[in-house]
There are 2 protein chains.
Amino acid sequence: MTRNTGMHTSIATVSLSGTLTEKLAAAARAGFGGVEIFENDLLACPLAPEEIRARCADLGLSIDLYQPMRDIEGVPDDVFVRNLRRARHKFELMNRLGADTVLVCSSVSPDAVDDDVRAAGQLARLAGLAEEFGIRVAYEALAWGRHVNTYGHAWRIVEAADHPALGVCLDSFHILSRGSEPEDLEGIADIPGEKIFFLQLADAPLLAMDVLQWSRHYRCFPGQGGFDVAGLLRRVLAAGYRGPLSLEVFNDVFRQADAGPTAVDAHRSLLLLREAAGAAELPSPVVPTGVAFAELLTPDAEPVTALLTALGFTRTARHRGKPVDLWQRGAARVLVNTAATARRDGTRLAAIGLESPDPAAAARRAEALLAPVLPRRRAPGDAPLDAVAAPDGTELFLCATGDTEPPDWRADFADLADTPAPCATRIDHLALTQPWHHFDEATLFHRSVLGLTAQESVDLADPYGLMRSRAVANAEGSVRIALGVGAAPTDDTVHAAHIALATDDVVAAARAFRAAGGRLLPVPANYHDDLAARYEFPDGELETYRELGILYDRDAGGAFRHCYTETVGRVFFELVQRDPGYQGYGAVNAPVRLAAQHAGRR
Amino acid sequence: MTRNTGMHTSIATVSLSGTLTEKLAAAARAGFGGVEIFENDLLACPLAPEEIRARCADLGLSIDLYQPMRDIEGVPDDVFVRNLRRARHKFELMNRLGADTVLVCSSVSPDAVDDDVRAAGQLARLAGLAEEFGIRVAYEALAWGRHVNTYGHAWRIVEAADHPALGVCLDSFHILSRGSEPEDLEGIADIPGEKIFFLQLADAPLLAMDVLQWSRHYRCFPGQGGFDVAGLLRRVLAAGYRGPLSLEVFNDVFRQADAGPTAVDAHRSLLLLREAAGAAELPSPVVPTGVAFAELLTPDAEPVTALLTALGFTRTARHRGKPVDLWQRGAARVLVNTAATARRDGTRLAAIGLESPDPAAAARRAEALLAPVLPRRRAPGDAPLDAVAAPDGTELFLCATGDTEPPDWRADFADLADTPAPCATRIDHLALTQPWHHFDEATLFHRSVLGLTAQESVDLADPYGLMRSRAVANAEGSVRIALGVGAAPTDDTVHAAHIALATDDVVAAARAFRAAGGRLLPVPANYHDDLAARYEFPDGELETYRELGILYDRDAGGAFRHCYTETVGRVFFELVQRDPGYQGYGAVNAPVRLAAQHAGRR
């Protein structure tokens with residue numbers, strides 16, 4: 001894993017799943033420089049604070065923050081005396097842990113009184129005690145704080161307290177969840193950089209919901225939600241802040257997900273955030289310009305090649321050193337790989353070749369953004385080919401088909417037949433099923449690493465639960481990938497991937513496929529009856545759709561006609577006829593398609 | 001399954017998971033009299049409308065509504081002409097289906113104009129066309145309708161249209177989600193009963209969120225959310241409505257869950273709603289007064305009996321005809337059942353005996369509310385004992401320990417030893433793990449069938465995901481059941497059930513357990529360090545807690561001290577010392593306990 005050498009990056013342990021030691025290991029592996037220790041994680045850990053300190057040191061992690069202390073300030077005197085006693089215990093603990101900054105959240109207690117002078121006085125006393133332990137207090141306004149709920153208010157109190165061991169902690173969620181307008185953020189410039197003791201970063205989808213529930217369950221990593229976290233970071237850096245950039249994300253999904261991939265996703269989001277805020281240089285995105293090939297891995301080539309043959313593909317070449325065949329129809333290329341590794345998983349879509357104007361530069365960006373880089377040469381004599389792994393494990397090969405530098409990937413293949421007759425067929429889109437817990441990561445990866453543009457996420461009603469789908473594409477529409485996710489964590493393997501082939505006449509393509517012995521997915525007559533209610537078709541057209549199981553959709557830009565083949569292993573094909581202006585993927589028809597696929601598995 | 005003979009009950013197919021035919025079968029099995037056919041379910045169904053009609057007839061289901069038609073009214077003339085064409089297709093379909101009422105939702109289209117006269121005129125024309133097909137049009141105001149979003153507005157338009165085939169559909173979600181005050185509901189009385197063509201019922205948790213998202217993903221069955229659905233039903237019945245009571249619930253969880261249990265849950269909620277609205281009589285609840293016993297089913301009695309022995313239980317009796325032993329300590333009784341059926345699942349908490357003032361009456365209510373009634377006599381010579389199955393499959397025996405009529409359940413047991421010395425031990429609470437998709441059902445069941453009171457649901461942070469827990473109890477606190485649910489659908493079996501034993505001295509009980517060879521769950525020192533920061537304890541007390549792994553909590557009513565045994569199969573025990581005023585279950589300590597239990601499984 002690439003270790004980042006710029007600004008210090010950190011992550012709160014609450015953002016990751018597992019035991020404290022699992023979280024620490026995952027954070028270190030993903031390249032973070034430090035962690036915030038969330039108190040509950042420490043309480044549940046059987047290691048002594050000194051052992052945790054040693055474990056962190058061993059992993060190369062600093063402990064950047066201990067958090068949180070709650071309901072400390074703005075309280076009656078007798079309560080504050082008890083609070084100081086509690087704080088002393090925690091400061092002793094922090095000394096054992098080797099943590100020198102503590103987070104104090106603004107009071108939410110019903111005991112708290114609305115009295116800034118009292119709050120400032122008590123925070124100054126707390127800071128005085130902290131100073132004895134070599135500790136700094138970072139005071140943060142919770143968005144739902146009882147009396148203090150804006151960063152500006154927290155800063156006024158810190159300024160009034162005027163103690164060297166007291167500063168503010170800024171948290172992007174607490175600031176941006178209040179719907180802050182740009183002018184609300186101008187006050188950040190008024191805070192001296194050295195009085196910003198800590199910066200916590202989180203994004204969130206724009207949900208109109210109770211802010212406490214929103215914060216506790218729906219935060220996400222920067223770039224995965226709707227906040228302008230980069231804009232906030234720019235202001236905080238402009239104010240002179242030079243401390244850690246730390247992620248604090250409470251999210252129900254991340255709590256369940258494997259800590260390892262989540263930590264990588266998290267660190268990638270921070271790197272991108274720094275890029276977006278102009279605080280770091282990464283290799284620029286190199287947007288792919290087309291799909292060179294899709295590669296199927298299969299333990300038994302027979303059903304796949306039967307399907308490809310019926311679809312009009314010709315086997316045009318064979319790899320010189322490996323059991324890989326190249327099948328082609330028009331500009332659509334499919335590799336069929338029968339390497340032994342396939343037996344475990346059945347037939348699946350394992351790799352995608354993307355045409356790139358600069359494969360090496362594209363790979364450099366991917367590597368800088370923590371994508372595992374695959375070995376360039378897989379066998380002696382192979383053309384060196386840049387490739388990285390997407391979050392779902394799909395191998396992405398970065399190609400320049402037809403160029404000589406880098407060498408054409410087809411140089412590894414020996415021709416078997418004449419080039420097939422030219423036809424309009426090409427790959428319209430690829431649909432990939434994502435691991436349930438990493439859907440947002442997948443979108444961010446394809447968007448930021450590959451430079452594709454994401455469309456809105458849509459819900460698709462499968463008979464057994466709601467699925468989600470989100471497409472990423474380049475501006476020309478020559479690369480389109482639909483990222484789908486099942487209804488539940490258990491569904492990772494239920495839904496097959498598919499390869500959609502663009503054709504200029506879906507009816508002819510479907511007929512030819514059927515004539516060649518291919519089986520099309522049957523579509524209920526009720527669906528076509530509904531089409532008749534919704535649209536007027538030329539005579540005979542609907543009857544043809546009915547006969548072939550062709551589905552139909554229309555948007556402002558034009559029509560979309562499509563049908564599906566049977567499924568082999570975990571892959572099927574779609575034949576599509578897309579009007580140039582149509583932007584979608586026939587999502588409105590997905591429930592009918594999914595139900596028909598379920599019925600076929602009975 | 002008991003078939004209900006009162007008012008006609010119905011359910012929208014969108015409320016259930018699966019294919020249309022699976023949904024129909026589940027609705028019929030649960031005792032519904034009819035269904036609303038949701039259009040997308042029909043479109044995805046390979047059966048012709050006539051076949052669906054025959055299937056429904058076969059199952060004893062009427063088709064009470066076809067739904068929805070959208071964006072019909074309040075549109076420009078040319079759009080309306082196309083809409084009428086579409087409607088004609090749907091009316092033909094409905095004739096084939098045998099459905100005589102169609103739902104028309106108020107327009108959300110950007111084409112819609114704010115013109116009640118136009119809307120009324122177009123709805124009258126639509127109703128005129130419907131009438132030719134023998135169909136009635138039920139017009140419903142969506143809460144997010146573009147111009148028409150209140151039931152009052154919908155009714156004014158229907159009244160103005162003045163067509164016999166046009167009426168309103170009232171939907172509790174659309175009405176109550178707008179935060180309607182009682183006075184907002186007074187207009188219902190102004191609608192003639194015969195012009196209310198349909199009533200759709202749904203509840204929802206009180207979430208401050210976008211109403212469309214709330215409606216599409218978070219609806220629930222009446223009694224499971226925060227709306228006064230019964231109050232609304234009362235008003236609609238008072239207005240003279242005599243049509244079906246129909247559930248229309250869009251819910252992400254129900255979309256995934258098995259349709260069978262969901263349909264039972266749904267029908268139970270309707271029966272309870274009618275009771276709450278004073279529209280039906282059910283046998284009254286008979287609140288249990290205590291816990292007679294807990295029954296463990298185990299393939300190997302050895303580990304369980306070792307644990308019980310260490311906990312100070314004595315084997316006092318043996319069942320005359322079955323491999324079941326009665327173990328007792330004070331008033332806590334545990335049955336250990338080694339019947340062959342246990343081998344599949346390992347040791348588990350299979351049954352609970354509840355003391356009931358009137359077991360037969362309690363069973364009658366449970367049966368009326370669709371709880372499977374278990375055979376009263378399980379073997380010849382056994383005392384007849386009323387028992388029903390809870391939604392999670394736990395058998396609930398309704399007992400009157402010590403009474404002669406019905407006979408004491410202990411009559412089936414032959415004494416083995418003298419009654420053990422009296423002590424304060426009794427069962428404080430039982431904690432049961434619920435199937436993930438049926439958590440709300442479980443709460444409603446225990447609340448409404450058994451007459452227990454539910455406390456607030458709390459989130460518990462397990463290291464690998466958030467769990468939820470919700471306790472139900474009687475007023476005296478002599479019956480307490482904590483219903484828990486895992487973090488994800490896959491977690492059903494991860495979390496063990498437990499039996500909490502009340503003691504008046506948890507320290508003595510824990511010491512005695514350990515002296516007898518029992519193993520207590522180890523608790524990290526960091527936890528007790530935190531207790532020292534939060535509370536002041538008498539000298540030595542905290543050291544004792546530390547030594548024994550005793551956890552501590554406090555609320556306004558007093559303190560709660562508790563510790564845990566090791567887990568056997570899927571069951572463990574808790575020792576608790578509860579101050580009389582303390583109302584909780586130590587939920588604040590659950591993360592530490594869960595982490596320690598995970599660590600023990602490594």
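In this predicted model, strand S1 (residues 9-12) of chain A runs parallel to strand S2 (residues 34-38) of chain A, and three bridges hold the pair together. Within this pairing, Ile11(A) sits opposite Val35(A) of S2(A). S2(A) itself is mostly covered, with five of its five residues buried. The cover is found on both faces: Gly34(A), Glu36(A) and Phe38(A) are buried on one side, and Val35(A) and Ile37(A) are buried on the other.

Further along chain A comes an open sheet of eight strands with mixed pairing, and the strand order reads S14-S15-S13-S9-S12-S11-S10-S16. Strand S14 (386-389) and strand S16 (413-415) of chain A are the edge strands; each has a single partner strand, so one side of each has no neighbour in the sheet. From one strand to the next, the twist averages 25°. One of the pairings inside this sheet joins strand S13 (residues 348-355) and strand S15 (residues 395-399) of chain A, which are parallel and share five bridges. Here Leu354(A) has Leu398(A) in S15(A) as its bridge partner.

Helix H12 (residues 301-310) of chain A lies across strand S9 (290-297), strand S11 (324-329) and strand S12 (332-337) of chain A, and its direction is at about 165° to S12(A). Helix H13 (residues 359-368) of chain A also packs on the sheet, where it touches S14 and S15 of chain A and makes an angle of about 25° with S14(A). Ala368(A) belongs to helix H13 of chain A. Is Ala368(A) buried, exposed or partly exposed? It counts as partly exposed, because it has 18 C-beta neighbours inside 10 Å, while the buried class takes 20 or more. Ala368(A) and Val449(A) are 81 residues apart in sequence, yet their C-alpha atoms are 9.1 Å apart in space.

Next comes a pair of helices. Two packed helices are described by the angle between their axes and the distance between the axes. Helix H16 (residues 525-534) and helix H17 (residues 541-548) of chain A pack at about 160°, and their axes are 10 Å apart. That angle makes H16(A) roughly antiparallel to H17(A), since angles over 145 degrees fall into this class. The crossing of the two, H16(A) and H17(A), is right-handed. On the H16(A) side the contact is made by Ala525(A), His528(A), Leu531(A) and Ala532(A), and on the H17(A) side by Leu542(A), Tyr545(A) and Arg546(A). By class, the residues of this contact of H16(A) with H17(A) are five nonpolar, one polar and one charged.

H16(A) turns up again where the two chains meet. The contact takes 43 residues from chain A and 43 residues from chain B. On the chain A side, helix H2 (39-43), helix H4 (77-97), helix H10 (252-256), strand S20 (465-473), H16 and helix H18 (590-600) each supply at least two residues. Which of the elements gives the most to the side of chain A that touches chain B? That is H16(A), with eight residues. This side of chain A has 26 nonpolar, nine polar and eight charged residues.

In chain B, Ala189(B) lies in the loop between helix H7 (172-176) and strand S7 (196-201). Ala189(B) is exposed, because 12 other C-beta atoms lie within 10 Å. Leaving out residues up to four places away in sequence, Ala189(B) touches Arg235(B), Ala238(B) and Ala239(B). The C-alpha atoms of Ala189(B) and Gly240(B) are separated by 8.7 Å, although the two are 51 residues apart along the chain.

Note on methods: Residues are numbered from 1 along each chain as its sequence is written. Chains are lettered from A and ligands numbered from 1 in the order in which they are written. This is a predicted model: local features need pLDDT of at least 70, side-chain atom pairs count only at pLDDT 80 or more; totals for chains, interfaces and linings use all residues. Axes are lines fitted to C-alpha atoms, for helices over the stretch in contact, and angles run from 0 to 180 degrees between N-to-C directions. Helices (H or I, at least four residues) and strands (E, at least two) are DSSP runs, numbered from the N terminus. Angles under 35 degrees count as roughly parallel, over 145 as roughly antiparallel, 65 to 115 as roughly perpendicular and the rest as oblique. A crossing is left-handed if the near helix is turned anticlockwise from the far one by less than a right angle, and right-handed if clockwise. Two residues are in contact if their C-beta atoms, placed from the backbone, lie within 7 Å. Ala, Val, Leu, Ile, Met, Phe, Trp, Tyr, Cys and Pro count as nonpolar, Asp, Glu, Lys and Arg as charged, and the others, Gly among them, as polar. Two strands pair if DSSP finds at least two bridges between them.
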